[in-house]
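Please have a look at it first, and then we will go through it together.

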Amino acid sequence: MALKLFEKVLALCVLTLLTVSFCLAHDNAALTGKWNMTSETSGDPVQWTLVLKDENGKLTGFLTTDESEQPAKDFKYDSGVITFKAPYQGQDYDIQLKLVGDKLDGTWSGGGDSGRTTGTKAQ
């Protein structure tokens with residue numbers, strides 16, 4: 001009797017693990033790719049590129065230019081929220097983003113200022 005109960009519990013655990021893995025992979029699939037980002041400022045908006053990759057089921061972020069790609073500093077993805085630090089003009093700026101529909105929407109802050117940041121997935 002105890003063995004059958006153990007088998008049922010084990011099967012339930014495996015099913016739960018597979019479901020969570022599928023959901024995380026599905027969520028990452030909507031986010032992975034190249035994103036054309038705009039950070040609003042009191043002057044001209046700042047255009048930049050974010051590349052999100054799924055590396056073994058874990059979402060990672062990279063900041064790119066025409067010449068290079070560098071990992072986003074302190075990158076985290078938790079409960080649907082992406083956070084990281086992005087260097088700009090010698091300073092690190094905090095970025096926080098969420099997927100809203102098919103766009104990234106969030107905020108930036110640093111250097112005593114803050115604003116809105118949005119992004120659309122590149123074709």
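Is Tyr93 buried or exposed? Before I answer, let me say that what you see is a predicted model. Tyr93 is buried, with a relative accessible area of 16%, because the cut-off for a buried residue is under 20%.

Let me turn to the ring pairs, of which the structure holds four. One of them is the pair of Phe75 and Phe84, which is stacked, with 6.0 Å from centre to centre and 25° between the planes. Phe75 is buried at a relative accessible area of 17%, and Phe84 counts as buried too, at 3% relative accessibility. Tyr93 comes back here, since Tyr88 and Tyr93 form an edge-to-face pair, 6.1 Å centre to centre and with 70° between the planes; Tyr88, however, counts as partly exposed, at 37% relative accessibility.

Ring pairs also link Phe75 and Phe84 with Trp48 into a cluster. Elsewhere on the topic of rings, Lys53 lies over the face of Phe62, at 4.5 Å from the ring centre.

Finally, the core: the largest nonpolar core has 19 residues, and those that touch the most other members are Trp48, Leu50, Leu52, Ile82, Phe84, Leu97 and Leu104. Among the elements that give two or more residues to this core are β1 (33-39), β6 (81-88) and β8 (103-110), while the largest share, four residues, comes from β2. Leu104, to take one member, touches residues including Leu31, Trp35, Met37, Leu50, Leu52, Ile82 and Leu97.

Definitions and conventions. Residues numbered from 1 in each chain as written. Predicted model: local features only at pLDDT ≥ 70, side-chain atom pairs only at ≥ 80, totals over all residues. Heavy atoms only, no water. Phe/Tyr/Trp six-rings, centres within 6.5 Å; stacked < 30°, edge-to-face > 60°. Buried < 20%, exposed > 50% of the residue type's maximum accessible area, 1.4 Å probe, protein only. Lys NZ or Arg CZ within 6 Å of the ring centre and 35° of its normal. Core = buried A, V, L, I, M, F, W, Y, C linked by side-chain atoms within 4.5 Å. Contact = heavy atoms within 4.5 Å. Lists of a residue's contacts leave out its neighbours within four places in sequence.
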